[in-house]
Amino acid sequence: MTALMGVSMGFLAFLVIGGISGASAWIFYPGQSRGPKLVKLLLAAFLGFITAFITSYLGQYLGFFQSGQMLEWMSAIFTACLVGCIFTSLAK
(Lines give C-alpha, C1' and ligand atoms only; values in the text may rest on other atoms or scores of the structure.)
Protein backbone atom coordinates (compact mmCIF):
# COMPACT_ATOMS: atom_id res chain seq x y z
CA MET A 1 0.00 0.00 0.00
CA THR A 2 2.83 2.35 0.81
CA ALA A 3 4.28 2.04 -2.68
CA LEU A 4 0.95 3.11 -4.18
CA MET A 5 0.66 6.24 -2.03
CA GLY A 6 -0.76 9.18 -3.88
CA VAL A 7 1.23 12.34 -3.80
CA SER A 8 -1.57 14.82 -3.37
CA MET A 9 0.67 17.87 -3.54
CA GLY A 10 0.16 17.46 -7.25
CA PHE A 11 2.08 17.67 -10.46
CA LEU A 12 1.50 21.40 -10.86
CA ALA A 13 2.76 22.15 -7.37
CA PHE A 14 5.94 20.18 -8.01
CA LEU A 15 6.38 21.92 -11.33
CA VAL A 16 5.94 25.38 -9.82
CA ILE A 17 8.03 24.79 -6.69
CA GLY A 18 10.82 22.93 -8.44
CA GLY A 19 10.83 25.07 -11.55
CA ILE A 20 10.94 28.36 -9.68
CA SER A 21 13.56 27.09 -7.22
CA GLY A 22 15.83 25.72 -9.94
CA ALA A 23 15.44 28.73 -12.21
CA SER A 24 16.00 31.21 -9.39
CA ALA A 25 19.13 29.33 -8.35
CA TRP A 26 20.40 29.72 -11.91
CA ILE A 27 19.45 33.40 -12.18
CA PHE A 28 20.71 34.58 -8.78
CA TYR A 29 23.87 32.46 -8.54
CA PRO A 30 26.87 34.75 -9.09
CA GLY A 31 29.21 34.37 -12.00
CA GLN A 32 29.15 34.45 -15.78
CA SER A 33 27.59 31.53 -17.56
CA ARG A 34 29.34 29.64 -20.33
CA GLY A 35 27.41 28.28 -23.25
CA PRO A 36 23.70 28.53 -24.09
CA LYS A 37 21.79 30.10 -21.22
CA LEU A 38 18.27 28.98 -22.05
CA VAL A 39 19.10 25.27 -22.17
CA LYS A 40 20.87 25.36 -18.81
CA LEU A 41 18.10 27.46 -17.28
CA LEU A 42 15.49 24.92 -18.39
CA LEU A 43 17.67 22.06 -17.17
CA ALA A 44 17.99 23.72 -13.75
CA ALA A 45 14.20 24.14 -13.59
CA PHE A 46 13.68 20.51 -14.62
CA LEU A 47 16.15 19.27 -12.00
CA GLY A 48 14.30 21.32 -9.38
CA PHE A 49 11.00 19.75 -10.45
CA ILE A 50 12.37 16.21 -10.29
CA THR A 51 14.01 16.88 -6.93
CA ALA A 52 10.81 18.29 -5.40
CA PHE A 53 8.86 15.26 -6.62
CA ILE A 54 11.38 12.73 -5.32
CA THR A 55 11.69 14.50 -1.97
CA SER A 56 7.95 14.48 -1.45
CA TYR A 57 7.56 10.86 -2.44
CA LEU A 58 10.49 9.63 -0.35
CA GLY A 59 9.42 11.66 2.69
CA GLN A 60 5.96 10.12 2.54
CA TYR A 61 7.31 6.64 1.90
CA LEU A 62 9.75 6.81 4.82
CA GLY A 63 7.08 8.28 7.11
CA PHE A 64 8.66 11.68 7.77
CA PHE A 65 5.46 13.49 6.81
CA GLN A 66 2.07 13.00 5.25
CA SER A 67 0.88 14.56 2.05
CA GLY A 68 0.07 18.25 2.36
CA GLN A 69 1.97 18.94 5.57
CA MET A 70 4.17 22.01 5.87
CA LEU A 71 7.29 19.86 6.27
CA GLU A 72 6.62 18.37 2.84
CA TRP A 73 6.53 21.83 1.25
CA MET A 74 9.62 23.03 3.11
CA SER A 75 11.64 19.92 2.26
CA ALA A 76 10.63 20.12 -1.41
CA ILE A 77 11.63 23.79 -1.61
CA PHE A 78 14.89 23.27 0.28
CA THR A 79 16.06 20.30 -1.77
CA ALA A 80 15.06 21.91 -5.07
CA CYS A 81 17.07 25.01 -4.16
CA LEU A 82 20.01 22.91 -3.00
CA VAL A 83 20.14 20.84 -6.19
CA GLY A 84 19.65 23.99 -8.28
CA CYS A 85 22.60 25.66 -6.55
CA ILE A 86 24.81 22.59 -6.92
CA PHE A 87 23.96 22.26 -10.62
CA THR A 88 24.49 25.97 -11.18
CA SER A 89 27.85 26.01 -9.42
CA LEU A 90 29.03 23.13 -11.59
CA ALA A 91 27.56 24.49 -14.85
CA LYS A 92 28.67 28.12 -14.62
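Which residues make up the largest nonpolar core?

**View 1. The largest nonpolar core.** F14, I17, F49, A52 and A76 form this core, five residues in all. A nonpolar core is a set of buried Ala, Val, Leu, Ile, Met, Phe, Trp, Tyr and Cys residues joined through side-chain atoms within 4.5 Å. Two or more core residues come from each of α1 (11-28) and α2 (37-62). Helices are DSSP runs (H or I, at least four residues), numbered from the N terminus. The model is predicted: local features need pLDDT of at least 70 and side-chain atom pairs pLDDT 80 or more, while totals for chains, interfaces and linings use all residues. Residues are numbered from 1 along each chain as its sequence is written, and side-chain values use heavy atoms, without hydrogens and water.

**View 2. The aromatic pair W26 and F87.** The whole structure holds four aromatic pairs (Phe, Tyr or Trp rings, the six-membered one for Trp, with centres within 6.5 Å; planes under 30 degrees apart are stacked, over 60 edge-to-face, the rest tilted). In the pair of W26 and F87, the ring centres are 6.3 Å apart and the planes meet at 35°, so the pair is tilted. W26 belongs to helix α1 and F87 to helix α3 (residues 70-91), so the pair ties together parts 61 residues apart in sequence. W26 is buried at 6% relative accessibility, and F87 is buried at 16% (buried is under 20% relative accessible area, exposed over 50%, partly exposed in between; 1.4 Å probe, protein chains only).

**View 3. The aromatic pair F46 and F49.** This tilted pair has 6.3 Å centre to centre and 45° between the planes. Both residues lie in helix α2, three residues apart, about one turn of the helix. F46 is partly exposed at 47% relative accessible area, whereas F49 is buried at 12% relative accessibility. F49 is also one of the residues of the largest nonpolar core.
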